[in-house]
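Biologist: I would like to learn how to read a few features of a model. Could you take me through them?

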Amino acid sequence: MWKKENTYGIGIKIALYTICILWTIVTLVPYFIAIITSLKPVEDVTKFSIDFRKLSLDSYKYITTEFPFMRWLFNSFVVAVAVTAGNLLFNSMAAYALARLNFPFKKVIFYIIIGTMMIPGQVLLIPIYLILNKLGWIDSYKGLIIPWLVSAFYIFFMRQYFLTIPKDLEEAALIDGLSRFGIFFKIFLPLSLPALATQAIFIFVGNWNSFMWPSIIASSEELYTLPVGLNSFYGQYYQFWNQVLAGAILLSLPTIIVFVAFQKYFVRGIVTTGLKE
Amino acid sequence: MRNRTKAQEYLTAFVMLLPYILSFCVFFAYPLVKAFVISFQNFSFLGDAPPKFVGLANYKEALTNKMFLDSILNTLYYSVLVVPTQLIIALILAVIVNDKVKFKEFFRTTYYLPTVTSPVAVSIIFLFLYKTDGLVNQILRHIGITPRNWFNEPSFVMPAIVSVAVWGSVGFYMVTFLSGLSTIPDQLYEAAEVEGAGELTKLIKITVPLLKPMIFFNTVVSFISTLQMFDLSYIIGGSDGGPMGKAMTMVVMIYRTAFKEFNMGVASAMAFVVFGIIFLLTLIQRKLFGEEMSY
């Protein structure tokens with residue numbers, strides 16, 4: 001009896017590992033091909049075989065010195081870091097007010113925040129563009145950054161986290177004469193580091209990968225973010241696959257590194273909220 | 001004294017909410033009203049003429065524009081293919097890497113990588129793989145299937161994009177399913193084993209029914225996000241929507257009408273049509289899954 005079950009178990013195990021390994025191959029092979037191809041000379045890009053003596057970093061050197069890839073990389077960093085910093089501060093501030101302070105229309109404001117999450121962004125795209133145009137922010141860092149400095153979703157997310165911080169802690173601090181802002185900066189933010197890390201990582205990655213908005217706002221080449229720059233580079237140099245794919249790897253690496261380094265926060269973010277930015 | 005502290009608390013709350021309130025007014029409330037107004041106006045960004053009220057003309061123009069109507073069909077076709085495919089794969093992977101294999105951390109990490117990879121990079125990598133002389137065709141030739149120019153043939157472009165989209169987002173839904181699985185008590189499985197239930201029985205009788213709220217949630221999230229698809233279609237198909245416009249999605253169409261043709265009025269009308277479609281489909285989904293959601 002147990003013998004039969006055991007063989008059954010092995011059969012299932014083989015099936016399970018086969019599925020796992022198959023999907024690992026499906027996931028990793030595109031990256032692998034892209035990396036190898038980016039290291040090949042252009043005449044070899046469609047060859048199946050790999051000539052190890054011919055592999056080099058030439059296409060990386062070429063795109064970062066002959067094309068403004070470093071500039072685009074810099075723009076992407078500036079925009080993603082600024083947007084992330086703004087979100088961390090502003091979302092937490094709003095979340096603190098909603099979690100801990102009493103004021104008129106508190107419920108209304110909370111439901112408005114929830115409600116804004118249900119409107120698809122495309123509806124707002126055109127009027128936001130027109131507003132930025134009036135302000136003269138088209139083709140500027142301001143236009144790339146300022147519309148995205150707060151996020152309803154992460155206000156909600158931080159509020160849920162702040163609600164778990166014990167009230168006694170706060171009351172003791174109030175009695176000791178700490179102001180509300182003091183409590184926010186000295187108690188709530190330090191106690192919320194895991195939640196802040198989760199938020200930071202999702203917003204950074206989301207902004208780093210964002211394509212539609214920067215391609216609307218950044219019209220001059222010096223202001224392209226890396227995704228916009230790479231797409232335009234592909235449009236002109238699509239036959240130079242080694243360079244195009246070197247650009248794709250350059251674009252992918254930062255978020256992959258961030259992900260692998262801070263994995264547990266990713267999982268926590270999805271698990272605690274179940275939502276995608 | 002009490003009034004003073006109360007006033008102070010109001011003021012503190014106001015200051016803390018100020019960035020949100022400003023952003024809400026400038027980048028949400030006003031744009032929402034403005035978008036609605038523009039959708040009834042003859043609003044060309046390029047002309048100097050002041051906007052003119054034109055009634056429902058923009059909606060009429062949007063709904064008689066063949067390219068826009070096609071984009072609706074293309075998008076629905078895309079959603080219908082992507083949503084079940086990615087959820088089924090994600091569920092299978094989640095069940096397996098939950099506790100059934102070794103190296104599960106490695107598998108989870110690997111499967112999640114495409115989710116953090118830029119859609120521009122993903123599109124470009126697959127443009128290379130799906131080329132006529134690309135890797136995919138070289139493999140297919142070996143097993144006797146005629147090589148194709150996947151992204152350049154009208155009937156293949158959307159299924160090819162679907163495969164890229166599924167590759168790119170299975171990891172995300174796998175992790176949400178994993179979080180759902182972690183809430184199912186082990187005792188249920190142990191009890192089933194005592195009664196002699198096999199793996200498949202346990203999956204069908206315990207895992208899937210208990211995951212139903214999560215499955216519903218993922219279906220809605222996945223459906224809404226596929227209806228708003230832009231990046232893959234735009235990078236792979238361009239603003240003309242690829243071969244015979246077969247890769248044109250609703251959002252690419254809005255983008256094209258607004259920022260290539262500068263026809264802001266019609267584009268706004270299209271945006272509200274898309275909003276309506278998303279809203280309607282979400283309601284239908286809620287009705288369909290309604291009973292199971294009640295617990």
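Modeller: Gladly! Let us start with a term: a contact means heavy atoms within 4.5 Å. In chain B, residues 24 or more positions apart account for 66% of the contacts with a separation of 6 or more. This is a predicted model, where local features need pLDDT of at least 70, side-chain atom pairs count only at pLDDT 80 or more, and totals for chains, interfaces and linings use all residues. Residues are numbered from 1 along each chain as written, chains are lettered from A and ligands numbered from 1 in written order, and side-chain values use heavy atoms, without hydrogens and water.

Biologist: How many helices and strands does chain B have?

Modeller: Helices (H or I, at least four residues) and strands (E, at least two) are DSSP runs, numbered from the N terminus. Chain B has 12 helices and 2 strands, in the order α-β-β-α-α-α-α-α-α-α-α-α-α-α from the N terminus on. The radius of gyration of chain B, taken over C-alpha atoms, is 24 Å, well over the 19 Å from the globule rule (2.2 Å times the number of residues to the power 0.38), so chain B is more spread out than a compact globule.

Biologist: What share of the residues of chain B counts as buried?

Modeller: Buried means under 20% relative accessible area (1.4 Å probe, protein chains only). Of the 295 residues of chain B, 52% are buried.

Biologist: And which spans of chain A carry the annotation "transmembrane region"?

Modeller: Such annotations may be inferred rather than shown by experiment. The unreviewed UniProt entry lists several spans of chain A, including 72-96 and 240-262. Residues 72-96 of chain A are 100% helix, with end C-alpha atoms 36 Å apart; residues 240-262 of chain A are 91% helix, with theirs 34 Å apart.

Key: Buried means under 20% relative accessible area, exposed over 50%, partly exposed in between (1.4 Å probe, protein chains only).
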